[in-house]
Amino acid sequence: MKRLIISIVALFVCMITFGQNKEVIDNSSHTVVYEYKINTLNEEGKPVTDVCELVVQAGKKVTKCTPMINYLKQKGLVTDDDFFDHVKGIPFLRAYADITRMHLPIVFTGYPKGMVTTQEMIVPHLYISTDKYRKPQWKLGKDTQTIEGHLCRAATVAYAGKTWHVWYTRDAGISAGPWKLQGLKGLIVSATDEEGIHSFRMKEVREEQLPILYHGDEWEHHASTKAMKIIRKTPEEMVAFRDSLFGNDKYIQYPLYYEDEEKLYKYALPVLFARDLPEESFRRVCGNYYYVLFDRDGYKLRHWGRKYQPLELK
């Protein structure tokens, strides 16, 4: 039975969550859980919907939008030992791979003051962007409806090249939303772009006081992470960079076409701890999620590609 070494994509992502310097930049009053979906195509041209969970931590000065797995690690509900467990670690690796494939950055709105900062892992490097926060110019509608017990109001906005239709509620007593969709006098319950490609849906909101952590760029590197760099770009440069990288025809067939495969394998291998996982088990658990798989000799077994659907057009 062939045994695999799991996903250099997921492992490069998880490398940046270990041993980071953490700065408390605010304290949250509420935690909001969102489901984020992208309707796209797989490498065979068939429609697929990718799904992941996000957490928004809303404070007085800063709002942070981050993958659920980061929130669970902050709460101590997921440990490094869990992550590298042969069985329990699979959902966590899958969660990191989801975020990597869906290209959603960690967003800090209001940090530094009056700015928005994003952090995004594009294998093998971490990209950081900081710019003046451009508050969405919302157009408030008259329609209302009740969603999950919340009285919601309609609003629309043209933002970053896309038109968004949202429903928001004042019931929660906070102003917050997923990604960069902020600035309404209420909490966004659902948001969908006009093309129906991207959508956010609130699953839960609760009062919770937690430190809002910013993981700075003074990373405590493993000896094997020499291939990883921290690169700063403007938001406009990031949009153009993603388009050039992920919009390439090669991307959907081999998502790591742009990097030297031998170099990535060389630097990732010592961090992988060589999982002993049956191939059938891996495929059953991970299903149609995107991974790049290697056997012990570095032979590429399979990948799951997606057509790139940009969240920002400008």
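Colleague: Which residues have the most contacts inside the largest nonpolar core?

Modeller: Nonpolar side chains tend to be buried together in soluble globular proteins. Here the largest nonpolar core has 40 residues, and Tyr 34, Tyr 36, Leu 54, Trp 164, Trp 179, Ile 188 and Phe 200 have the most contacts inside that core. A core of this kind is a set of buried Ala, Val, Leu, Ile, Met, Phe, Trp, Tyr and Cys residues joined through side-chain atoms within 4.5 Å.

Colleague: Which elements give two or more residues to this core?

Modeller: Strands E1 (22–41), E2 (47–59), E8, E9 (162–169), E10 (187–193) and E11 (198–207) do, along with helix H4 (89–102). E8 gives the most, 5 residues. The element names are DSSP runs numbered from the N terminus: helices are H or I with at least four residues, strands are E with at least two.

Colleague: What should I keep in mind about the model and the numbering?

Modeller: The model is predicted, with local features needing pLDDT of at least 70 and side-chain atom pairs pLDDT 80 or more, while totals for chains, interfaces and linings use all residues. Numbering runs from 1 along each chain as its sequence is written, and side-chain values use heavy atoms, leaving out hydrogens and water.

Colleague: Back to the core, then. What is Leu 54 in contact with, leaving aside its neighbours within four places in sequence?

Modeller: Contact means heavy atoms within 4.5 Å. With those sequence neighbours set aside, Leu 54 touches Val 32, Val 33, Tyr 34, Tyr 36, Cys 65, Thr 66, Pro 67, Met 68, Ile 99, Leu 104 and Phe 200. There's also a second, separate core of 11 residues, with Phe 108, Tyr 111, Leu 126 and Ile 212 among them.

Colleague: How many helices and strands are in the chain, and what percentage of its residues is buried?

Modeller: The chain has 7 helices and 15 strands. Of its 314 residues, 56% are buried; buried is under 20% relative accessible area, exposed over 50%, and partly exposed in between, with a 1.4 Å probe and protein chains only. If you take contacts with a separation of 6 or more, 65% of them join residues 24 or more positions apart.

Colleague: Is Ser 190 buried or exposed?

Modeller: Ser 190, in strand E10, is buried because its relative accessible area is 16%.

Colleague: Now the backbone. Which peptide bond is cis, with omega near -15 degrees?

Modeller: Look at the bond from Tyr 111 to Pro 112: that one is cis, with omega near -15 degrees. Pro 112 sits in the loop between strand E4 (106–109) and E5. Tyr 111 is the residue you met as one of the second core's members.

Colleague: And positive phi? Where does Glu 148 lie?

Modeller: Glu 148 is in the loop between strand E7 (139–147) and E8. Its phi is positive, about 50 degrees, although Glu 148 is not a glycine. Glu 148 counts as exposed because its relative accessibility is 62%. Now look at Ala 160, in the loop between E8 and E9. Ala 160 also isn't a glycine, and has a positive phi of about 55 degrees. Ala 160 has 14% relative accessibility, so Ala 160 counts as buried.
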